[in-house]
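Let's take a walk through this structure together. Keep the picture open as you read, and look for each residue when its name comes up.

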Amino acid sequence: MALASRFTKPVIVDEISTPICISCKRSIPPYEKAVAFLCPNCGKYVIWRCRRCRVAGVPYRCPVCGFEGP
Amino acid sequence: MSSYDYEGSEEVKQESSMIAKYAAVELLVPIDMYLSAGVHIGTYSSNKYIEKYVFRVRNDGLYILDVRKIDERIRVAARFIARYEPQKVVAVGGKPYSFRPVEMFARFTGAKAVLGRFIPGTFTNPYLTTYVEPEIVIISDPRVDTQALTEAIEMGIPTVAFVSTDTKPSGIDLIIPGNNKGRKSLALLYYLLTRQVLRERGLLAPNQDLGVSVEEFETKLTTVV
Ligand SMILES: [Zn+2]
Ligand SMILES: [Zn+2]
């Protein structure tokens with residue numbers, strides 16, 4: 001039964017679920033080693049930084065509390 | 001300029017304009033304590049990323065960091081670190097002056113300390129005996145702890161780093177500005193971070209002290225070869 005249901009209910013990966021880099025707004029492909037963490041200041045927003053923005057030190061801003069990193 | 005005394009001469013500790021500006025501001029420790037440890041002593045270079053933490057540039061070109069901004073970032077970093085399980089926090093210290101501060105931070109907060117030469121693969125190669133899987137990494141000096149930083153980027157692990165004016169924040173997710181070269185400065189920065197993490201976790205009351213002095217966080221001069 002469990003096996004059958006696994007095949008009858010495929011997991012749909014919605015494009016909307018792809019994380020977006022907070023700095024460059026680019027969607028981050030699953031194979032990219034980006035980073036995700038809760039806003040260091042308020043802990044209420046998941047901040048995604050793409051690898052390129054992270055390595056370049058591009059600033060980010062938390063939309064909840066306005067904290068500016070890094 | 002590499003011979004500059006990062007412990008701070010008496011002259012550099014007398015930041016009267018900073019003392020006056022923050023006289024009414026409540027800091028984690030009195031401003032005199034920050035200044036006498038030399039946490040505000042930057043370097044002779046700067047970059048656009050670190051500019052916002054600079055208080056002033058001396059006539060001789062030495063960048064002076066803003067103690068209030070250091071204080072604020074220690075608080076933010078502590079909130080950030082406190083959200084992770086203690087054993088999932090790894091603090092890295094590659095050079096001798098960071099050994100004791102990092103070791104004490106780890107001992108008090110339950111984090112893991114990685115001291116001395118960072119074995120390549122420590123974060124990336126599960127076959128190594130030294131392999132660890134941190135969920136957050138604390139870097140004492142990005143210019144020294146380069147391998148740890150590279151591997152944290154490679155693995156997508158969030159990073160917090162002590163950053164002086166000579167450093168670009170490449171791969172760093174949260175900067176704590178500060179003098180990461182001086183012995184006393186590293187001791188005070190880690191002491192305050194330790195205390196603040198424990199306060200955030202509710203293991204210390206909001207104004208409670210660690211129970212050991214800052215000196216206990218200092219690498220003793222005799223142990224440095
Ligand atoms: Zn980006
Ligand atoms: Zn926030």
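A polar contact is a pair of N or O atoms within 3.5 Å; within protein, one must be able to donate a hydrogen and the other to accept it, and residues adjacent in sequence count only if both atoms are side-chain atoms. By that rule, 16 residue pairs are in polar contact between chain A and chain B, both at pLDDT 80 or more. This is a predicted model, where local features need pLDDT of at least 70 and side-chain atom pairs count only at pLDDT 80 or more, while totals for chains, interfaces and linings use all residues. Residues are numbered from 1 along each chain as its sequence is written, chains are lettered from A and ligands numbered from 1 in the order in which they are written, and side-chain values use heavy atoms, with hydrogens and water left out.

So who takes part in the meeting of the chains? Chain A brings 22 residues to the contact and chain B brings 24 (contact means heavy atoms within 4.5 Å). Together they bury about 1,700 Å², with 46% of it on carbon and sulfur atoms; buried area is the accessible area (1.4 Å probe) that two parts lose on being put together, summed over both. A:Pro40, A:Arg54 and A:Pro70 supply 35% of the area that chain A buries against chain B, more than any other three residues.

You'll find A:Pro70 in the segment after E4 of chain A (strands, E, are DSSP runs of at least two residues, helices, H or I, of at least four, numbered from the N terminus). Most residues other than glycine have a negative phi, and most peptide bonds are trans. A:Lys25 has a positive phi, near 65 degrees, and sits in the loop between helix H1 (2-8) and E1 of chain A.

Now for charges. Across the interface there are 3 salt bridges, each a side-chain nitrogen of Lys or Arg within 4 Å of a carboxyl oxygen of Asp or Glu. B:Asp173 and A:Arg49 form a salt bridge at 2.8 Å, N to O. The whole structure has 17 salt bridges over all chains. Inside chain B, the side chains of B:Glu216 and B:Arg100 pair up at 3.5 Å, N to O. B:Glu216 lies in the segment after helix H7 (183-200) and B:Arg100 in helix H5 (residues 96-109), so this pair ties together parts that are 116 residues apart in sequence.
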